[in-house]
Structures are given as structure tokens and as C-alpha cells.
Amino acid sequence: AAPISLRKKQSSAFIALPGIGNKLAGRIVNFRDKLGGFYSVEQVGETYGLPDSTFHKIKASLQLSGDVKKLNVNTATKDELKVHPYIKWNLANAIVEYRNQHGAFKNLEELKNIAVIDETTFEKIVHYLSL
């Protein structure tokens with residue numbers, strides 16, 4: 001079978017995959033849309049309710065394509081940031097408070113100066129942020 005692009009708008013493409021029904025296909029599309037796109041096929045495995053065994057069966061059939069939607073850390077509001085699944089309220093608040101105290105971010109590495117952002121968190125969110 002041809003690889004399925006993770007950018008496909010409709011969930012019907014995912015339903016063709018083994019172990020993926022309407023509900024899981026909808027969750028994959030919903031999660032992708034909330035994130036602003038996937039930067040890694042591995043992220044599909046984070047979809048709520050998707051069994052790990054099912055993810056491993058379909059992983060080879062998935063294909064990345066296109067860019068992810070980015071949030072500007074120097075202009076985004078707490079409300080804009082907090083809706084992102086990887087950022088949520090505590091990070092959104094910390095990012096905006098840091099910006100208010102220190103001025104605009106000069107580079108994304110500066111986010112590591114924020115106490116609640118460890119290396120793992122940084123690696124997850126940096127793909128969705130811009131200056």
C-alpha cells in the first residue's frame with residue numbers, strides 16, 4: 001500500500017490502516033490539528049487511546065509531509081500558547097512572564113532559561129515555536 005501522508009485533511013485515509021477505525025482516525029486528525037502538524041511519525045503514537053501495538057503496525061505506512069504551524073514566542077498570548085497540547089497553561093504562563101520580565105526572546109535556546117522547561121520539554125516544543 002502507498003504511504004499515507006500525515007497532512008491529509010480527512011480521517012478516511014487513516015481508517016484504511018489495520019486497527020484504525022473511525023474513532024481512532026478522528027483522534028489522530030484531531031491531535032495533529034491541535035499540534036499544528038506532526039514533525040515526527042513517532043508523535044502519532046501519542047494519540048489518545050491508540051494502542052502501542054497498533055501504532056507499531058501502522059508506523060511504516062505513515063509519511064511526513066509539509067511544515068508544522070509555528071507560534072511566535074515574542075507575540076503569542078498566553079491563550080494562544082496554552083491551547084497547544086505540548087505547552088498547556090503552566091508553560092504558556094511561564095513563557096509570557098519570562099518575556100515580560102526579560103524582553104523579547106533573541107533565540108529559542110533562551111527558553112531553556114525558564115525553570116519549567118527542561119531539555120525534553122524544549123525538544124518537544126521547539127518545533128512549534130518561532131521568533
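The following paragraphs go through a predicted model of one protein chain, from its overall build to selected side chains.

The protein chain contains six helices and four strands. Along its principal axes, the C-alpha trace spans about 50 × 25 × 20 Å. Of the 131 residues in the chain, 42% are buried. Among contacts between residues at least 6 apart in sequence, 53% join residues at least 24 apart.

The accessible surface of the chain is about 7200 Å², and carbon and sulfur atoms account for 51% of that surface. The chain carries 18 positive and 13 negative side chains, with the centres of the two sets 8 Å apart.

Two loop residues can be looked at in turn. Thr 47 sits in the loop between α2 (22-35) and α3 (52-58). Thr 47 counts as buried because its relative accessibility is 3%, under the 20% cut-off. The side chain of Thr 47 comes to 2.7 Å from the backbone oxygen of Val 44. Apart from neighbours within four places in sequence, Thr 47 is in contact with Arg 27, Ile 28 and Phe 31.

His 84 is placed in the loop between α4 (78-82) and α5 (88-102). With a relative accessible area of 4%, His 84 is buried. The side chain of His 84 reaches the backbone oxygen of Leu 35 at 2.9 Å. Not counting residues up to four places away in sequence, His 84 touches Lys 34, Leu 35, Leu 71 and Tyr 128.

Next come the charged pairs. The count of salt bridges is six. One of them joins the side chains of Glu 97 and Lys 78, at 2.8 Å from N to O. This pair links distant parts of the chain, with Glu 97 in helix α5 and Lys 78 in helix α4, 19 residues apart. Glu 97 is partly exposed at 32% relative accessibility, and Lys 78 is partly exposed at 22%.

Lys 112 takes part in two further pairings. The side chain of Lys 112 meets that of Glu 109 in a salt bridge at 3.0 Å, N to O, and that of Glu 119 in a salt bridge at 3.3 Å, N to O. Through these shared partners, Glu 109, Lys 112 and Glu 119 form one network. Each member counts as partly exposed: Glu 109 has a relative accessibility of 46%, Lys 112 has 30%, and Glu 119 has 42%.

Methods:
Residues are numbered from 1 along each chain as its sequence is written. This is a predicted model: local features need pLDDT of at least 70, side-chain atom pairs count only at pLDDT 80 or more; totals for chains, interfaces and linings use all residues. Side-chain values use heavy atoms; hydrogens and water are left out. Buried means under 20% relative accessible area, exposed over 50%, partly exposed in between (1.4 Å probe, protein chains only). Contact means heavy atoms within 4.5 Å. Accessible areas come from the Shrake-Rupley method with a 1.4 Å probe; for residues, only the protein chains shown count as cover. Lys and Arg count as positive and Asp and Glu as negative; His and the chain ends are not counted. The place of a charge is taken as NZ of Lys, CZ of Arg, CG of Asp or CD of Glu. A polar contact is a pair of N or O atoms within 3.5 Å; within protein, one must be able to donate a hydrogen and the other to accept it, and residues adjacent in sequence count only if both atoms are side-chain atoms. A salt bridge is a side-chain nitrogen of Lys or Arg within 4 Å of a carboxyl oxygen of Asp or Glu.
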